[in-house]
Structures are given as C-alpha cells and as structure tokens.
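Here are a few quick exercises on charged side chains. Have a look at the model, then work through each one before reading its solution.

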Amino acid sequence: MKVIKLLKGSFLSLLLILGTKSFSNENFLSATRTFGKAFSRYFQLLFLLLLLGCNVEKGKDTIDLKGDWLVTLDPDDRGVNENWFKEIQAESQIIELPSTLDEARIGDSVEAEVKLDKNTLYELSRKYRYIGAAWYQKEINISESLDNKEMVLEMERVIWKSQVWVDGNYKGMDNSLVTAHRIGLGKLSAGKHLITICIDNRQQFDIFDDSRERSLAHAYTETTQTKWNGILGDFKITALDDVQINDLQVYPDVDKGVILIKILGQNVEGKELVVDVVDNEGNRVAKEDVIANSLVLPEIKGNFKLWDEHHPFVYSVFIKNRAGKVLANSNFGMRKIESIGKDMLLNGKRIFLRGTLECCIFPLLGHPPLDEQGWEKVFGAAKSYGLNHLRFHSWCPPEAAFAVADRMGFYLQVEMPNWSLKYGDDENMVDWMENEGRRMLKNYGNHPSFCMMSLGNELEGDYSQLAGFVGELRNIDRRHLYTITSFTFQNRHSREPDEVDDYWITQWTKDGWVRGQGVFDRYSPSFDKDYRASIEFLDIPLITHEIGQYSVYPNLKEIDKYTGVLSPLNFKAIKADLIAKGRLDKAEDYLKASGHLAKILYKEEVERALKTSGVSGFQLLDLHDFPGQGTALVGMLDAFWDSKGIVSGNEFKNFCSELVPLLKFEKAVYTNDEVFTAKAEVANYWAELKNPVFEWQVLKEEQLLKSGEFNIEKIEQGSFAEIGSFDFDLSEIVDPSKLDIRLTLKGSRYKNEWSIWVYPHNQVPDYKDVVVTSDWNKAEKELAKGGTVLLTPELRALNGIEGKFVPVFWSPVHFPNQPGSMGLLIDNQHPGFNHFPTDFYTNWQWWDLCKRSKSLEMKDLEVRQIVTVIDNFFKNRDLSNLFEAKVGKGRLLFSSIDLHSEMDNRVVANALLCSLIDYMNSTDFSPLNSVDFESLKTRFERDSN
C-alpha cells in the first residue's frame, strides 16, 4: 500500500541522514518529523482498516455499510490511471457515511467576503465546496452464510455518477439523480474485500442551459440544495436469492375493489407465492396463495378503504415464498385519479389542489432529508397552512417523502430533473432523461401520493419528443396524470395545452392571465373577478403556475438558524449594509410591513383561483422562502418552514382550505352615498353539506353593524356554489372608516374576512391657512413668510422611483430592472391619519396612492417620515413619499403622492388630503427637523432641460 511505501521511504531517509557526514540537528529533526508523520498515519490507517472491516449485518442477507469510511479527493482525475481502486490511499480522510463532504467539512474551505453584491446575494454560501471525483473505500467482511452469493450494492441518493470496484475489479456504474444507484457486485467469497466507490458530482448532462450563468434545475444546483458529493440514505449490500423479485407494481382497481399485482424477477415463473396485505396498523386485509404463471398475479380482493387527503388509508403488500420469506414488499393506496373535462377527479370526486413548490430547499443539510422526520416537518407545515399538494420543481424526492405524503394525504406532482431550454439537441441527454422518468415510475409509482408527473419545468425545445415520451409513460402506468411541462415560454405551447396533456399548468392562456402578477398592479382592486374568460376554451384541468412571488424583506434574526453546511452571507451582507446606514432598527418593521402586503396579495391570488370553477388548483411560489436565485424571500414561512410571524396557519386557512367561504364585491373603496353589495359563495372540497347555515356580518372595529344568514338545503362536495347575496346601505357611515365583512359557516371553523374603506361622498378640505401647491417657487415664497405649505409636485417634475402597489417580483437581484420597492411602512399613529384609517402596511385602499406617486431618496435628510417606502434589500435606500419638516419660519408637509390631480374622481386621495389638511391646521403640526428648501429643490426637482 502507498502508506507502507511512504513509511519505508521515511525510515530509509532517517537512516541515510544518520550515516552521513552531513548530519545536523536540523536534518535529523526534519527526518524524524517525516518518519513520525508516516508512522502515525500508518497506524491510523491500520486501525481504520481493522475498524472499517467490522461490519454489522443489517439482516440475514444484508450488510449495512453505514459507518466510517475513507475518502480521497481526486480533483485532477488521477484515480483511474493510478489504480486507486486497488489499495487504500495514503492521503485519504475519515468520513462517516451516509453524509456528504460538506457535512464532514472536507473540500475547499469557502472564504467569501460579506459584500452587498450580486454574487453574495445570489444564493446561500457553502462553507466547504468540492466538485469532482471522490473515492470512498472500506474493507468489508463477508460471512460464511453469504459465501459465494450474488451481491448488489445500493446507494439511495447520489449526485451524479457512481463507479464501483471490489478488490480492484471493476463492477459497474450507475448514473441517476432520481433513484437509488444499484450496482451488481457478482459473487463474493467469505472473508475480507476492499470496496471502492468513486462518486463524481460533476455535471454529466445538460439539464438546464449552458448559456446561462448557473444551473437552476433543482436536482443539480447550488441555488437551493448544493452540488454535494457523498452517499445518502439507505447504504447496503444485499445478497440475492435464486428466486428474486426486483420489481413489484400494485395497480388498484377502485371500481372493482381489487388490486392487480405485476412482478418482475428471476426464477419466479411457476413458483408458489403468498400475497399478504395489511393495513397501517398491521391488521390483515387480504391473503392469497398464488402461482406465478405470468408476470401478472391474480386479482386480490379485500375490504379496502379509499385513499384521499381526508382519509389517507395506506396498505402494505408482501410477496412471500412458501417458507414465509419476504421476496418483495411495497406500500400502496386505493385511489384512482382522472382528468375528465375541466375537472380533476379522485375516486370519482372533484378535487382542488392547494399547492406550493418544493425546490429542494434544506439550508442545514444542503440536501434533502432521507429520513421521514425531515419530511414530517415539511408536510406538517404545509398542512397547517391548509395545503394538500406539493409540486417538486425539476427534481424527484426520495422514498421517505412519498411515505410521509402517503400517510398525511398529500397529492404530489413530481418532475424529472429537467429545466432544459433546448430539449432534443443532445440525444444522449434525452436517452438519459427518459430513463430517469422510467426509473421514477418503477421506484415510486406504487405510492398513492404520487398523483401527477411533469417532464420538467418551463421546458423548451423539441415538443414532439416530449409529447412522445408522455405517451410512453401513460402507456406504462395509468396510475398518474401526466403533463409535458410545468408551463413554458415557447410559442403556442405557452398559450394552450398539448393534445397529450392530462392537465395543464400555466400562468396565462391565449385569452388572458390566470394569475394575479399580471393583474394586481395594472387594475384597481376588485373582488368580483375570476379567470373564467381566460379558460373557457379549455377541455382539461388547469393548474395556475407559480402564483405569488411577492418578495418580503429579510428576517435578519434568521441568521442564527444557519448552523449547518450553508452560511447566510446574503443575510449578513444586508445586515451590515443596514448597520452602515444606521437603519438596522427598522429591519423588523420592514419585514412585518412587506410581509402583510404579500399576505393580502396571496389571499387574493388564492381566492381568484377558488372562484374560477374551471380551475383545478394552484401552485404557490411560495409558501416558504427560496434562498437562491437572488435571495427570493417570497414566503409566509422562512426557508426552514417556520413562521415569520406574519400570518398564522389558522389565519391562512381561512382562505386556503378544503372549504372556503368566498365573497364577490366590486371594489375596496366606497363613499357613503353607495350601497355595498356582495355575492356569497363557497368552494367546497370537503364533504357534502346538508342544511348548512352561513352567516354574514359587517363590523367596524369588531362592533357589529349588520348581519344576516343564508339557509341552504345542500352543497355538494367538489362544488363551487353561490349561496346568496346581501347588501348594506353605507349612509350610516359618516366618518372615514374601515369595515370588515365576515362570512362564516355556522358551527364550524370555516370563516373568511375582507375589508373595505368608506369615505364621506361630499368631503371637502378646509384649507384655512394651509397653502397647497405643486409649484416649487410658490412653496418657497410661502415658507419664507412663515406659511404652512403642503407641497405635492407634479410627478413628472420629481427625481424619484416609479410608484408601484405590488412589491418586488421574485428577487431584486435575479430581476434587477424592476422599480423594486417592497410596500409601505406607514406611521399609522401619526395625527395626519386621524381621519384616514390605515394599517401600518400597504392595504388595498392605498392602490391609487401608490400608483400615482414617486419614492424619493432621503439619504442624510433629517426629516420625519410619515410614510416610508420600503426599498428592496439589494439597494436599501432610505425612501419616502410623505414627510414633514421645518423650513425657515415655515412648516412644510411634502407629498410625492399626487394629491392635486383629478381629485374629484379619486376618493382615497381626497380623503387623505382632507385628513392631512386638518392635521396641518392643528397645533399638532409642529415639525422638529429643519431643512433648507434649496437643498430639497436641488435633490428632488427634476431638471426641466
């Protein structure tokens, strides 16, 4: 072995020095140190060989490979040419498997600067990084009972390619991102054997687009999980019997109440087998003696209960030989999913997918959990927020995820590791990718939670090849629904579905948008709209694509949670920037205010989908944060699936649940000479309701103003039903008011709530001594005289940032060319709002005010900001659109919200103006901070030239 050669060489060098005239203390000490290191390394490796050779049998036919291994990095690809597979390498290090090099702190230590730039903010930073070949070695002991049996090595999850040698002899390779790597070892004799595994985590095929900066497909990316090197999950060698079953597929027939079993293996034909089926409590449901005369076993009858989100009954089937030995086993559920017209049916009942994405975001591990506990956190959090569906974006989760989803009743959409924008260009990639799809069906197809499959995310390229493969998958396995891609930007495919699609995922159709991102900033708030006009032509179910993507300011307290393999340098850079600018104390307020704006937008996104009877579900992007692609903090939960303190699960479930009371009404803002009219509806995907009673209430600060009831004879499960209309005369509202409208299914937890704002219809500002002007010169003259001035310049004459209602889309780093604010932080206790009810965050009544405004940069300007515009975290500018200051002898209120144009038609702007004027006429208006008017003019007035 190399270490022995090193030891011999060091010893000879020591003798040589002692026997020469050139002997010196320095030479002696150097040689002694070299010999000592080699001697120490020799005994360390000798001890490890003894330790690593002690295997504990996992079962009679299984050798558990978990434990200490030796690993040697091979960045220069020397290993194969230098025959590293023949002996333990001297430079190897200890690693406990299953794990990754990152977790073992092996690789290049990443010393990154905390800097507010694109690279730092683009993704979380690995603490250790290694891309290349790594050689894992261990001496195992084959017991006499396993002597000369065929052996198979199994590694549950690997990135990307694996090769295996036993005692220096090559045994084979595997290449998959979606299922376990299984490599036959041949027959191994009793005794010791050196196992060598080379894992290469370099990209093997182009699953994204090389012309882009980074690989974004979540099966292989640094933006969410890392491009880790290691071996995860089940890690074992199994001895094979003469009779083997290596593929067991269970096909439930819900209509007949039976299961059909197909098996593949060796020496199975004609064998007497026992099929044993038990429920999740171990109770036997069915047992049949069968003879395997073909690959399809006789139908198995049993008292099977149906599986769905409300009743997730899971069964286990065991195939045994006559001696009772289990040859194969699998979990399954009795369910049938269908696409009929615009409806998605499960066991004959219409379902609605309330979903979010899972993009392999696990900041502590840098890889998905392979144990069920890790997935219980994910699905538990999703369920607590009313969801029943997860879409695995461009990756396939491990076995543990399916098992937890089975018993918690989640509908999963899994995807091949595919985000190709030129699919079909590389035939080898297509062959590999299609094999990945087949492996997914074979390994996970029995799981009832595996309901839908997409070939990838936003695919572009040869659609004839993609469509052909969907057809093949459907022929292989009809237990699932299939679609070519989760949306696409390619030509007609982005506008209407393909003929082979069982269902369609999109953000728009040829007739219009089906998500709020294209609507909420363009049109004034209305709550009687849906997407029916956009989907009328469809004849298959539609799922709205990645709705939301409303960015929320970072929670800097989250920094302390990153105790694993990834470092939040992005968060640290933002924090350092705020410290340098003296505004760290504002960070939590920014988080809360931006989060509440995102919350109301997500609520309307979800409700519009629910209100559209032809829509079969939505996929949020996202319920939780996406820390990659420019730090896309778009979640109500953080990247750890923990609450940010913005909205609780119970509150979220008011509008995202199996039963949701809904209300359609025209707008958010009214005057008191109008009548509020609403149509009450319900989306019911829970159960049939007999004689339900719905109560509606109008409240002002929790004081009941009016109420009524709807008595309904029956509401079918799977229906979108109108339950009645009501109105409320607003004439009794004499002051500017916020009203809450509540709709409740009496005797249940199901309720929902909306706000409207009501203002007097004939409100006129009482200016008295206040001068309101858009003219800089006039304002300057009045202030010089000691006057009281509201300056609201023409927007086109202001140096500022375009006002928006919706916050940053996705990420200001990934998409830098957007105006990019994140809502308002409103000092709602300020006396200027005494007659203008407002929350501390942007709510629907601020739509016109935001749209007709500019955000001004206040850097080093000492004034009192009444309304702060939250800048995006990439720039962290100090922005405002309403502030006050003392100017010489005068008092100034400066508004870059347009409070002078078309005021007769702008109810909210007029109401805000009236409230501000009342404040300015009061003794409360006494600004403390002094500014020079010329400096304001120089800073904010746009040069007319």
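A salt bridge here is a side-chain nitrogen of Lys or Arg within 4 Å of a carboxyl oxygen of Asp or Glu. The model is predicted, so local features need pLDDT of at least 70 and side-chain atom pairs count only at pLDDT 80 or more, while totals for chains, interfaces and linings use all residues. Residues are numbered from 1 along each chain as its sequence is written, and side-chain values use heavy atoms, with hydrogens and water left out.

**Exercise 1.** Find out how many salt bridges the structure holds, and which residues are linked with Asp848 in a network.

Solution. Start with the count: there are 67 salt bridges. Next, follow the links from Asp848: the network also takes in Arg852, Asp898, Glu902 and Arg906.

**Exercise 2.** Work out how far apart the closest N and O atoms of Asp200 and Arg202 are, and whether Asp200 is buried or exposed.

Solution. First the distance: these two form a salt bridge at 2.8 Å. Then the accessibility classes: buried means under 20% relative accessible area, exposed over 50%, and partly exposed in between (1.4 Å probe, protein chains only). Asp200 comes in at 12%, so buried; Arg202, at 26%, is partly exposed.

**Exercise 3.** Which salt-bridge partner does Glu338 have?

Solution. The partner is Lys336, at 4.0 Å from N to O. Now check accessibility: Glu338 is partly exposed at 23%, and Lys336 is partly exposed at 25%.
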